[in-house]
Amino acid sequence: MNENNLSTISNDAVVLADLGTMIREVIGEEWAEDVPIEMETSFAKDLELESIEFVALAERLKEKFGKGVDFAGWLGSMELEQILQLRVGQLVEFIVRCNSASPTA
């Protein structure tokens with residue numbers, strides 16, 4: 001494994017940890033503390049996130065990662081079926097990709 005792969009894994013782990021905290025805060029229910037939030041966790045099936053919670057999550061992502069992470073715009077580019085099948089890992093990869101993009105891009 002080269003240094004770039006290690007860096008990517010590290011970035012993914014840090015973003016996943018931050019995202020897990022944000023998701024639990026957005027859900028705001030005690031049961032959410034017991035649900036493992038991992039790369040394969042489904043927003044619809046496992047977390048039962050509703051549209052208002054997606055909006056709240058988008059705001060928290062913007063606060064934490066900056067305007068370059070346009071979660072609402074990214075979701076808006078998806079079909080309903082894609083949103084229903086969205087996994088936490090896909091969002092982690094999106095955030096890491098946005099944060100690693102050149103500021104001039």
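Modeller: Start with burial: 34% of the 105 residues in the protein chain are buried. Keep in mind that this is a predicted model.

Biologist: What makes a residue count as buried?

Modeller: Its relative accessible area must be under 20%. Over 50%, a residue is called exposed. In α2, for example, E53, F54, L57, A58, L61 and F65 are buried.

Biologist: How do you know that the buried residues of α2 line one face?

Modeller: Look down the axis of α2. The buried residues fall within an arc of 145°, so they line one face of the helix. The face turned away from that buried side carries I52, V55 and E63, which are exposed.

Biologist: How do you know that the span of helix α2 agrees with its number of residues?

Modeller: Helix α2 covers residues 51-65, which makes 15 residues. The rule is 1.5 Å times one less than the number of residues. After α2 comes G66, with a positive phi near 95°.

Biologist: What is the fold pattern along the protein chain?

Modeller: The pattern reads α-α-α-α-α. There are five helices and zero strands.

Biologist: What makes a set of residues a nonpolar core?

Modeller: The members must be buried, of a listed nonpolar type, and joined through side-chain atoms within 4.5 Å. The largest such core here has 30 residues, and I23, F43, L57 and L91 touch the most other members. The elements giving two or more residues to this core are α1 (3-27), α2, α3 (71-76) and α5 (88-100). The largest share, seven residues, comes from α1.

Biologist: Which residues does I23 touch, leaving out those up to four places away in sequence?

Modeller: I23 touches I37, F43, L47, L49, L57 and V88. In the protein chain, 61% of the contacts with a separation of 6 or more join residues 24 or more positions apart.

Biologist: Where is confidence lowest, and where is it highest?

Modeller: Confidence is lowest in α1, at a mean of 83, and highest in helix α4 (residues 80-84), at 94. The mean pLDDT of the protein chain is 88, and 88% of its residues reach 70 or more. Where pLDDT is low, the predicted coordinates should not be read in detail.

Notes:
Residues are numbered from 1 along each chain as its sequence is written. This is a predicted model: local features need pLDDT of at least 70, side-chain atom pairs count only at pLDDT 80 or more; totals for chains, interfaces and linings use all residues. Side-chain values use heavy atoms; hydrogens and water are left out. Helices (H or I, at least four residues) and strands (E, at least two) are DSSP runs, numbered from the N terminus. Buried means under 20% relative accessible area, exposed over 50%, partly exposed in between (1.4 Å probe, protein chains only). The arc is that of the directions from the helix axis to the C-beta atoms. Contact means heavy atoms within 4.5 Å. pLDDT is the predictor's confidence in each residue, from 0 to 100.
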